[in-house]
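Welcome! Take a moment to look over the structure below, and then we will walk through it topic by topic.

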Amino acid sequence: MTGLVLWGPGAELTWWNFAVGAIVNSACAILGCFLVLRRMSMLGDAISHAVLPGIVIAYFLAGREAVVSLYLGAMIVAILTALLVQTLNRFGSVPEDAALGIAFTAFFSIGVVLVSNFASRAHIDVDCVLFGDMDFVSIDRFYWGPFDLPRALPKMLIALVAVVVFVGVFWKELKIASFDPALATAMGISAIVVHYLLMAMTAVVTVAALEAVGVVICVAMLIVPAATAYLLTDRLSTMTLWSVAVAILSSLAGCILAPLTGTNIAGMMAVAAGMQFALAVVFAPRYGLVGKGIRAWRLSVRIAEEDLTALLYRDEESKPTTGVRGLTIEHLLAGVGGGFTGRHALKKLQQRGMVELVDGARVVLSAAGREAAESLVRSHRLWEAYLVEHFQLPLDHLHEPAEKIEHFIGPQLQQQLAAGLPKADTDPHGSEIPPVK
Amino acid sequence: MLDLSYNTIVVLLGTALLGAGAGLVGSFSVLRGRALIGDVIAHAALPGLCLAFLIAGRKNLTPLLIGALATGTLSVLLLTVLRRYTRVKDDALLGTIRSVFFGAGIVLITYIQNRSTEGSKAGLTSYILGKTAGMVAADVQLIGGVALAALVCVVLLYKELRLASFDPGFARVQGWPALLLDNVQMTLAALITIVGLPAVGAVLVAAMLILPPVTMRFWTDRLSKLLVGSAIIGAAIGGLGTLTSAQYSLLPTGPVIVLVGTAFFVVSMLFAPRRGILARAAALRDFRRMLLRQRILSRLYEYAEGPTSEDAWLTESEVATTFDITPAAARHAINDAVFGGTLVPRSSAKGTEYGLTDAGWDHAALVVRGERLWQRYLVEHPDLAGQLVDLDLTNIDDYLPADVIRKLEASLAAEGRLPETSESAASQASAARRQGGRP
């Protein structure tokens, strides 16, 4: 093993590896977005495995320089596979996942058998199919004018350009067909045509990627960057850009980490992509586990805050205006289930001046706090009154739903509820509904 | 020629047992719509194999398989957790998990290859596409053990697994431990996949779980037969695949076994009686012809109701133009009807014409009665039209209660449009339909 060389003699190889990886991975990633959105990942996966016999036969018949026949061979097999899966599913009543499993294992097996038999003539071997051979791709050069380029580069660039052009030209159609297939059909965009075009393009990127990264990693690059991007955004254009970013970063990480550890570049790229997916699962702003957890906690803090002010308000209501004011901290915290969330909520209320501490240990509402509490209690009691008025619920069934929904009733809904009641001044239990300020 | 040496017999026994076990376990996976779970487990097993190799240090099967089982199980666990807590859909999760785990496996394999000098390189890569040559008696015992465990589980839990496969919701509501049953099934799938790795390889072992049940499914509708048949087919695939690949030393075993299985599958799909594609195409063709004959009879009946009964004769070419079919199809339908005794030819100025026989008349009256009752029913209950599809396929006497039929008949009779059918003919026809035959 040579280890990592980033500059000086031999560095060229590292950078060509990176360039080749970035090109094929980006092509895969862009296309992958549509596969993931259309829930066709497994079909894309199957196609990538299945095009192998097409590639081998094209190599065998036309030689490895004949790029066009290579692409054609792969596209034909891809469309055949997609057709076969549909036929098995529709006419043979084989469940779709089983049909996929059968189609791709069968085609891949044919491919492996062909590769094993014609290995020497087709310049492709089983290891290359499985692992790819990035270093060979970068070392095997040709001269294009004065430029010394990897022989496979034009083929890969063609795939990338084809994907970009395909996505650019059919952007609107792909977008509609991905998000609302029914609407697409209604608008005259044939979902079937889009389906088969996507399959054909999957074959194209597989052809480009196969030599460099092998079949399985090609699948990784089709699906993982897109799945990662799917966690990061809701916009298709942004998702496409993110997936390319993930693909390029994976290539970089693969080209640096693999030589350092003496391992396979393509495998390392897949692992790097997997790491990014894991990071997105945990840290994605909106859909990540941490983000979701924080939002859920914030919501429970807000609800605890509101419950605290409502507790204080009801306490004020039930007591004469003279005498001991407010509630003890222990009493309040017990009322909202205690714990860290409750204490945090109380502290925040105090910071925001909604409650004040009197006599060292008792909490009372400030004017601002009382106003907020009134609105909440108004929501609660309006809801109870509304349930009785329109659903004839018994009195002991009112508090619980109102306790839950009160936190999500704003001024507008309050108005609507009040309008739906004959008189909006007392709730079914006889307590006063605080009027609007 | 076949060389049935001790080694070959060992390998043969191993792959046949593997096929039988996989067929048994795979039946439930396919029925539950989890055909690809074996694929995920197999791909994910690769890094576990390598880690176990790094730790245990030599190519000893048992620790390797434990490692494989560990990461394989981890992948299923991850799949379940991510499905529950992220917005990424099933298909993308399956693809992500299996390709990333496989990538990690490749990284580890190359790491081991570059590090070690023990010449154990070939050992690990053979787990990707399978190599039965290295199989020894101990491996076969392991495979046999897992297959036996699968058999015992299936026999003991037959009723429970059957219910959980066909109606998981009902099983849960009935208080069966649905989660436990699921886990039993998944564990068996994982075990058989893992012990199958050395023989068939990670990329293709999933096919061992899928091919036997899907092939057998063309031959039977019964779970018991599906299970027994899948086990037999699995064993046959494994055995034949091994024998075939033994002839070609260049080939990995996995692809050969898969191709043998695919051949079984294709033959069954095409030629199986009743459920095969050809049988179904034939049944569909017969059904269409039956419909066409009915339409010809009912058209003749309606012509006969007209002012002159002379109209109730049609030539072949008139039939073809009336129903917009090819002359050949018309001739075929008419010949069938003549042969069946419902049409009779006569010569006329127009050429050979065909009209209803007495039997044909009775039959046509039944058909027309059914058509008109349906029409009347839909006229009176247009709101129900949307629910009633395939009216041609549904016998109205089987579908509607007798009092409704009587009302409809009275309403048709008032207009003189109720065909006269003999009670005996009607009840015969109805009985024949109930037995699945066609009048």
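This is a predicted model, where local features need pLDDT of at least 70, side-chain atom pairs count only at pLDDT 80 or more, and totals for chains, interfaces and linings use all residues. Residues are numbered from 1 along each chain as its sequence is written, while chains are lettered from A and ligands numbered from 1 in the order in which they are written.

**A sheet in chain A**
- β4(A) and β5(A), the strand at residues 362-365, pair in the antiparallel sense over four bridges.
- Within that part of the model, V355(A) has L365(A) in β5(A) as its bridge partner.
- Two strands pair if DSSP finds at least two bridges between them.
- The open sheet has three strands in the order β3-β5-β4 (chain A), with antiparallel pairing.
- Its edge strands are β3 (327-328) and β4 (355-358) of chain A, each pairing on one side only.

**Chain B on its own**
- Chain B has 19 helices and three strands; these are DSSP runs (helices: H or I, at least four residues; strands: E, at least two), numbered from the N terminus.
- Of its 439 residues, 46% count as buried, meaning that 20 or more other C-beta atoms, placed from the backbone, lie within 10 Å of the residue's own.

**Where the chains touch**
- The contact takes 45 residues from chain B and 50 residues from chain A; two residues are in contact if their C-beta atoms, placed from the backbone, lie within 7 Å.
- On the side of chain B that touches chain A, α4(B) gives the most, with 15 residues.

Conventions: Buried ≥ 20, exposed ≤ 12 C-beta atoms within 10 Å, placed from the backbone.
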